[in-house]
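Notebook open, structure loaded. I want to look up pockets, surface patches and salt bridges, and jot down what turns up.

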Amino acid sequence: MTREAALGFTAVLILLGAGWGLTMPLTKIAVSTGYQHFGLLFWQLAIGVVVMTVLGLLRGVRLPRGRAHLRVYLVIALIGSVLPNSASYQAAVHLPSGIMSILLSMIPIWAFPIALTLGLDRFEWRRFAGLLIGLTAVLVIVVPNAAMTGAIPVIWVGVGLIAGLFYAFEGNYVARWGTAGLDAIQVLWGASIVGAIIALPLALFSGQWIDPRPPFAAPDIALAISATTHVLVYAGYVWLVGRAGPVFAVQVSFLVTLFGVFWARLILGEAYAPTVWGALALMMVGMFLVQPRRARVAEAGPLGDSAR
């Protein structure tokens, strides 16, 4: 890789991290006026389907519909969208956006014990230490704040962690059972369609339906920007994996967390106790230690990435 290419790929990596990190404060804005999780989930997926369809048409890519493909779409829709995003939207009502970004950085840390359970990886003390440091970071966030001020609701921290746990299952599912020959864009496209089909009756029958007619307020605009940004950044991530390799591209995980906290301060004016900054530093160390071996990253592919 030439120096110019390396600089170009680094710039793309930073842009992707900034874009993914932006989705967290946008989510906080989307839930700020009472919109609930099933309604938000449906429109997030529906907007994603529109954007993915346009990208698919521009690339001349078709969406296979065999039985094995439909099974992949369904599983990824459930463990990669419907379940974790429902949890994230509910937690975002009660937690600061920056805290959500830090909690989601547990994804690669959760992925390690899941990979061990499925026989996808071998035990390493370095990565086990990363797991313990990540869990310590969560305790540093929860315990002092819950004990002294009650500012961080422990139950909603747990819900936020559940979202990351599902994302970790998603990456390991792909590594263990594959995607039936589908590329990452096709999986995201098909899973978004299936997820929207699942979310539509949930939104309607739960009374959480969001009327799409104008006028549009800040939560509506934030949701539209967040859903579009996620699809575009994900497509960019897939492109970067193909050009610079998965080992380089997986470093976006660190940037997503850092930018998530940065955007929360800039856009929402969030301020954090010193313990939260300490937890962020610990989480960065934990993420570094649990980064998978070079071969394992290559096998996992972009759906095994920790960025959301």
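My entries follow, pocket to begin with, then the patch, then the salt bridges.

**Entry: before starting**
I keep in mind that this is a predicted model.

**Entry: the pocket**
I looked up the largest pocket and got a volume of about 160 Å³. Which residues line the largest pocket? I noted Trp43 and Ile47, then Ile210, Asp211, Pro212 and Phe216, and finally Asp220, Leu223 and Ala224.

Next I sorted that lining by type: seven residues are nonpolar, two are charged, and none is polar. Asp211 and Asp220 are in the lining, and Asp counts as charged.

Then I asked which helices each supply at least two residues of the lining. Those are α2 (37–59) and α9 (218–244). The largest share belongs to α9, with three residues.

**Entry: the surface patch**
I went looking for nonpolar side chains on the surface. Leu200, Leu204, Phe205 and Trp209 make up a nonpolar patch there, and together they have about 430 Å² of accessible area. I checked where Trp209 sits, and its place is in the loop between α8 (184–205) and α9.

**Entry: salt bridges**
How many salt bridges are there? I get three.

- Asp121 pairs with Arg127, and the closest N and O atoms are 2.5 Å apart. Both partners, Asp121 and Arg127, are buried.
- Glu124 pairs with Arg126, with 3.3 Å between the closest N and O atoms. I looked up cover on each side: Glu124 is buried because its relative accessible area is 13%, while Arg126 is partly exposed at 36%.
- Asp211 and Arg213 meet through their side chains at 2.6 Å, N to O. Asp211 is partly exposed, with a relative accessible area of 37%. Arg213 reaches 61% and is therefore exposed.

**Entry: cross-check**

Technical notes. Residues are numbered from 1 along each chain as its sequence is written. This is a predicted model: local features need pLDDT of at least 70, side-chain atom pairs count only at pLDDT 80 or more; totals for chains, interfaces and linings use all residues. Side-chain values use heavy atoms; hydrogens and water are left out. On a 1 Å grid over the protein atoms alone, a cavity is a set of points where a 1.4 Å probe fits but cannot get out, and a pocket is an open set with protein on both sides within 12 Å along at least five of seven lines; lining residues have an atom within 4 Å of a point. Grid points are joined across faces, edges and corners, and a volume is the space filled by probe spheres set on the points. Helices (H or I, at least four residues) and strands (E, at least two) are DSSP runs, numbered from the N terminus. Patches are made of residues with over 30% relative accessible area and no salt bridge: like charges are joined within 9 Å, nonpolar side chains (Val, Leu, Ile, Met, Phe, Trp, Tyr) within 5 Å. Accessible areas come from the Shrake-Rupley method with a 1.4 Å probe; for residues, only the protein chains shown count as cover. A salt bridge is a side-chain nitrogen of Lys or Arg within 4 Å of a carboxyl oxygen of Asp or Glu. Buried means under 20% relative accessible area, exposed over 50%, partly exposed in between (1.4 Å probe, protein chains only).
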